[in-house]
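This briefing concerns the charged and nonpolar features of the structure shown below.

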Amino acid sequence: MNRLFGTKNTGPKPTLNSAISTTDTHVESLDVKLAKLNAELTTYQQRMSKMRDGPGKSALKQKALKVLQRRKMIESQRDQLQQQSWNMEQASMMTDNLKNVMTTVDVMKDTNKTLKKQYGKIDIDKIERLQDEMQDLMEVGNEIQESMGRSYDVPEDVDEAELDAELEALGEEAEFEGLSSGREGTGETPGFLFDEVPSFIDEPPEQGKVKEAAG
């Protein structure tokens, strides 16, 4: 059976990149052959240009014709291989792009799954209730601050007439204090010495002694 159908290939399967590399190697080998054929044709052309028409030139011409046929055949093979290599390169680029797209899709799927899992733990209604409670607490705090800052038994309204009377009284009091301090500075006898003697003194002092003491 193995002689008819051969054995099963257990080696690694060729990849697209390896196929491209192998094809390019074949193209390079064909280019080398074409370069040799072109050099051979150039030699025939130079020899025939120096020969006269005759059997020798005709024989040389037949050889050049065969070389030209071989060159055309190899050029056709090279062109086909180059086209195959180009097609495989395009397929490789498409494969790479597809891999990138699939990788991007997989990342997006994982990200979407993670976001759903995270956002699924969040209760929007609970957040709104917390916001309402915070707002209520802020309002209660403002009411407490307003209550704590309230004044006790302080008249709220004072008219201009009351203000003028208060200022006038303060001015008279300041003027009176200024006169009193000026009198004490001149050495005059303070008024309290001429007032009535307190009850804890047995006899009132004489006027002359008081003046001497003041002097």
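Asp 125 is located in helix α4, which spans residues 124–148. In this predicted model, Asp 125 has a relative accessible area of 46% and is therefore partly exposed. Asp 125 belongs to a negative surface patch, whose other members include Asp 123, Glu 128, Asp 132 and Glu 133.

**Surface patches**

- The negative patch also takes in Asp 136, Glu 139, Glu 143 and Glu 146.
- Leu 115, Tyr 119, Ile 122, Ile 124 and Ile 127 make a nonpolar surface patch of about 490 Å². Helices α3 (55–119) and α4 each give two or more residues to this nonpolar patch.
- Ile 127 lies in helix α4 and, with a relative accessibility of 38%, is partly exposed.

- Four salt bridges are found in the whole structure. One of them pairs Arg 78 with Asp 31, at 3.2 Å from N to O.
- Because Arg 78 is in helix α3 and Asp 31 in helix α2 (residues 16–49), this pair ties together parts that are 47 residues apart in sequence.
- Both partners are partly exposed, Arg 78 at 21% relative accessible area and Asp 31 at 32%.

**Other salt bridges**

- Asp 53 and Lys 57 form a salt bridge with an N to O distance of 3.1 Å; Asp 53 is exposed at 71%, whereas Lys 57 is partly exposed at 21%.
- Arg 71 and Glu 75 meet in a salt bridge of 3.6 Å, N to O. They are four residues apart in helix α3, so about one helical turn separates them.

Key: Residues are numbered from 1 along each chain as its sequence is written. This is a predicted model: local features need pLDDT of at least 70, side-chain atom pairs count only at pLDDT 80 or more; totals for chains, interfaces and linings use all residues. Side-chain values use heavy atoms; hydrogens and water are left out. Patches are made of residues with over 30% relative accessible area and no salt bridge: like charges are joined within 9 Å, nonpolar side chains (Val, Leu, Ile, Met, Phe, Trp, Tyr) within 5 Å. Accessible areas come from the Shrake-Rupley method with a 1.4 Å probe; for residues, only the protein chains shown count as cover. A salt bridge is a side-chain nitrogen of Lys or Arg within 4 Å of a carboxyl oxygen of Asp or Glu. Lys and Arg count as positive and Asp and Glu as negative; His and the chain ends are not counted. The place of a charge is taken as NZ of Lys, CZ of Arg, CG of Asp or CD of Glu. Buried means under 20% relative accessible area, exposed over 50%, partly exposed in between (1.4 Å probe, protein chains only).
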